[in-house]
Amino acid sequence: MSTGDGQVKLFSDKVIGEVGKVIVGKREELKMIQACLIAGGHVLLEGVPGVAKTTIAKAVASSLSLQFERIQFTPDLLPSDIIGTYIYDQKESDFKLRKGPIFGNIILADEINRASPKTQSALLEAMQEKQVTIEGTTLKLPSPFMVLATQNPIEFEGTYPLPEAQVDRFLMRIEIGYPTREETLSILRNMKGVAEWNIKPVVDGGTVQGFMNGIWSVNIDETVRGYITDIVESTRAHRFVKLGGSPRAATSLQGASAAVAMIEGRSYVIPDDVKRVAPHVLAHRLILTQEALLDGVAQKSVVDDIMKGVKVP
């Protein structure tokens, strides 16, 4: 599929229009979620309870003609509850596979950090390799495949921090903040619209797959690749960072930038695309020093500081 014909931009506008029936504002956050889908990545939505993280995920899924599955993470959730298991069929006198909810296109992993680390790790293979292994049998997951996870900040009671390997599998971490006063008023006026949930699918799986394949046609100049490389290398040299961005951070930054370019109707990446996605792509991958943590330094502020120090081509 051509990346320069504006089809992706049209798709993006349609999705935002449908989601806007129940979600007030959050246009930039919605575009970032779409970029993750096109780039073949996964999204971690983070915010305090009540800021519509789950509603955003459900609304985006409702606007796409794709199989949607929801997993509610709880402390007693088991890995087999996610990926499935073999059960004995007495009639057939044989074991049959009962697939878990991971076998969908859009997976809402709601409140992911309320489950134990063992259960969270059940998603690792699925997110990275788009496959799962059940009792020695490897099964491919459908395509497109995206995990849309929500989590409350880890300071909240009853939550577990996600393992670093798990966090790194998310292309972006998008923080969902409080609405403005005007947005809150609009939410109160639109409560009936949320209850009716009149969101219609505006794009099918084949079209989304075409967009995903089209990302390889986006032109990325060597100077932009150099800019991405300089940013990632700077994360490893920052005084507040113990472990900086890996090669996966660099490839994620490039892929997300290309997807955003497509959403904006361009077939080439500009430095502003990189700047736009960098806080979402890099912040959650940085492991800060103990000194920075004690001083209350936020990962996002470190990324902002790094971006200011890297020369823009």
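Q: At roughly what angle do the axes of helix α1 and helix α2 cross in this predicted model?
A: The model is predicted, so local features need pLDDT of at least 70 and side-chain atom pairs count only at pLDDT 80 or more, while totals for chains, interfaces and linings use all residues. Residues are numbered from 1 along each chain as its sequence is written, and side-chain values use heavy atoms, with hydrogens and water left out. The axes of α1 (residues 7-19) and α2 (residues 27-38) come within 10 Å, and they cross at roughly 130°.

Q: Which word describes the orientation of α1 and α2 to each other?
A: Angles under 35 degrees count as roughly parallel, over 145 as roughly antiparallel, 65 to 115 as roughly perpendicular and the rest as oblique. The crossing of α1 and α2 is right-handed. The two helices, α1 and α2, are therefore oblique.

Q: Is Pro-144 buried or exposed?
A: Pro-144 is located in the loop between β8 (137-140) and β9 (146-151). Beyond residues up to four places away in sequence, Pro-144 touches several others, including Leu-37, Leu-66, Asn-105 and Met-212. Its relative accessible area is 2%, and under 20% means buried.

Q: What is the C-alpha to C-alpha separation of Gly-255 and Gly-41 in space?
A: Gly-255 belongs to helix α12 (residues 247-263). Gly-255 and Gly-41 are 214 residues apart in sequence, yet the C-alpha separation in space is 8.9 Å.

Definitions and conventions: Axes fitted to C-alpha atoms, helices over the stretch in contact; angles between N-to-C directions. Helix = DSSP H or I, 4+ residues; strand = E, 2+ residues; numbered from the N terminus. Left-handed = near helix turned anticlockwise from the far one by under 90°. Buried < 20%, exposed > 50% of the residue type's maximum accessible area, 1.4 Å probe, protein only. Contact = heavy atoms within 4.5 Å.
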